[in-house]
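Student: I have a structure open and would like to learn how to read it. Could you take me through some features, with the general idea before each case?

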Amino acid sequence: MTVSSAELGDPGAERLRRWRLVLGGDAADGTGCTLTGRDAGMDAALTSLYGKGDKPQTAGRERSAGLGASAPSVARWLGDIRTYFPSSVVQVMQRDAIDRLGLSTLLLEPEMLEAVEADVHLVGTLLSLNKAMPETTKESARAVVRKVVEDLEKRLATRTRATLTGALDRSARINRPRHHDIDWNRTIAANLKHYLPEYRTIVPERLIGYGRASQSVKKEVVLCIDQSGSMAASVVYASVFGAVLASMRSISTRLVVFDTAVVDLTDQLDDPVDVLFGTQLGGGTDINRALAYCQSQITRPAETVVVLISDLYEGGIRDEMLKRVAAMKASGVQFVTLLALSDEGAPAYDREHAAALAALGAPAFACTPDLFPDVMAAAIEKRPLPIPDTV
């Protein structure tokens, strides 16, 4: 018996409909379900991307993947998937279309950029195509990148500033604070042994306080970012965080990107879009050279945090890289190693180098954007980093 999607009403029939959408309608799929209306449109959009072009069906109809070679057909498909699926699914399908069907070059056309759903992964793709973009496309590409960057700043900036401002204040603790500078939480914790039960109070023998926020620079932060192709999402997030840190007067922020060459983009930190278009995703990796440059810029090691964001596949001199990390830590630098700064988890990475850095007291781990402010706060306060349990 053939069941039409319009006739589905009971749970069993709904399961058949879902299996039909998953299986793609081969004659042997066993569902006996015919799709109509909106369901047929969804199926056509899925078929264009995930169809099996190399296996004709026994009934004579072939389900083949392909969106055609023209921008108009792709733009129509992009419009269809935005009609049928939620934004999170659209972003996944766009990513798959770029990977599976080789549609990257079509993103060089302005009308295509106006049709896509902008997200971090799309920005990474656009940055990798930056050098090949015609001038007519660059403004459209910048508009897409700016939209994503502004959305990220809205989500991340307030909490980052609040978390780091508190960390900066606490890192400036003083031994004889004035009353309004007393850190009461720390003071109470340090004096619990002086609790007087008969008076139900604590008599503090030692006050702990911190200075109020000032306009002077308290900490130096160096973000050292691997711009190899696998680090695209990390480059986007790090550029946004770099701009947020640079907006805080009490933190002096330097942003350095590298492959086999090293580029200092600090003077562009007021606009993370300029930073991103100053990167060049892809190419080799020379971590040692990048760290040598960062080391040369450090003037106050005891007040400096260096954040290396890399998958640690070193193309330079491995032993020299490790010696530089050891030297920086010995001088008082807080050194943080992040395998990724994204929501994707840890990428493939060099486990031998990660183990060597951990032995130096700089454990390498992947960090989500939401965790990054807490990691930086811990580094500023020189306390253990909040390393995820999955490491």
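Student: Of the contacts with a separation of 6 or more, what share comes from residues 24 or more positions apart?

Tutor: A contact means heavy atoms within 4.5 Å. In this protein, residues 24 or more positions apart account for 72% of the contacts with a separation of 6 or more. Note that this is a predicted model, in which local features need pLDDT of at least 70 and side-chain atom pairs count only at pLDDT 80 or more, while totals for chains, interfaces and linings use all residues. Residues are numbered from 1 along each chain as its sequence is written, and side-chain values use heavy atoms, with hydrogens and water left out.

Student: How many helices and strands are there?

Tutor: Helices (H or I, at least four residues) and strands (E, at least two) are DSSP runs, numbered from the N terminus. The protein has 14 helices and 12 strands.

Student: How much of the protein is buried?

Tutor: Buried means under 20% relative accessible area, exposed over 50%, and partly exposed in between, with a 1.4 Å probe and protein chains only. Of the 391 residues, 47% count as buried.

Student: What span does helix α4 reach?

Tutor: The expected span of a helix is 1.5 Å times one less than its number of residues. Helix α4 covers residues 87-101, 15 residues in total, and reaches 20 Å from its first C-alpha to its last, close to the 21 Å expected.

Student: Which residues of α4 are buried?

Tutor: Val90, Met93, Gln94, Ala97 and Ile98 are. They sit on the same side of α4, because they cover an arc of only 135° around the axis; the arc is that of the directions from the helix axis to the C-beta atoms. Ser88 and Asp99, on the other side of α4, are exposed. Just after the helix, Gly102 takes a positive phi of about 65°.

Student: What does Thr125 contact, leaving aside neighbours within four places in sequence?

Tutor: Thr125 is in contact with Ile98, Ser104 and Leu107. Thr125 lies in helix α6, residues 120-128, and counts as buried at 15% relative accessibility.

Student: Is Gly242 buried or exposed?

Tutor: Gly242 counts as buried, at 0% relative accessibility. This glycine is found in helix α9, residues 232-246. Not counting residues up to four places away in sequence, Gly242 touches Leu223, Thr253, Leu255 and Leu269.

Student: How many salt bridges does a search of the whole structure find?

Tutor: A salt bridge is a side-chain nitrogen of Lys or Arg within 4 Å of a carboxyl oxygen of Asp or Glu. The search finds 17. One of them joins Asp43 to Arg20, with the closest N and O atoms 3.2 Å apart. Asp43 lies in helix α2 (residues 37-50) and Arg20 in helix α1, so the pair ties together parts that are 23 residues apart in sequence. Both Asp43 and Arg20 are buried.

Student: Which residue forms a salt bridge with Glu381?

Tutor: Arg383 does, with the closest N and O atoms 3.4 Å apart. Glu381 counts as buried at 14% relative accessibility, whereas Arg383 is partly exposed, at 37%.

Student: Which residues are linked in a network of salt bridges?

Tutor: Glu14, Arg17, Arg18 and Asp39 are linked in such a network.
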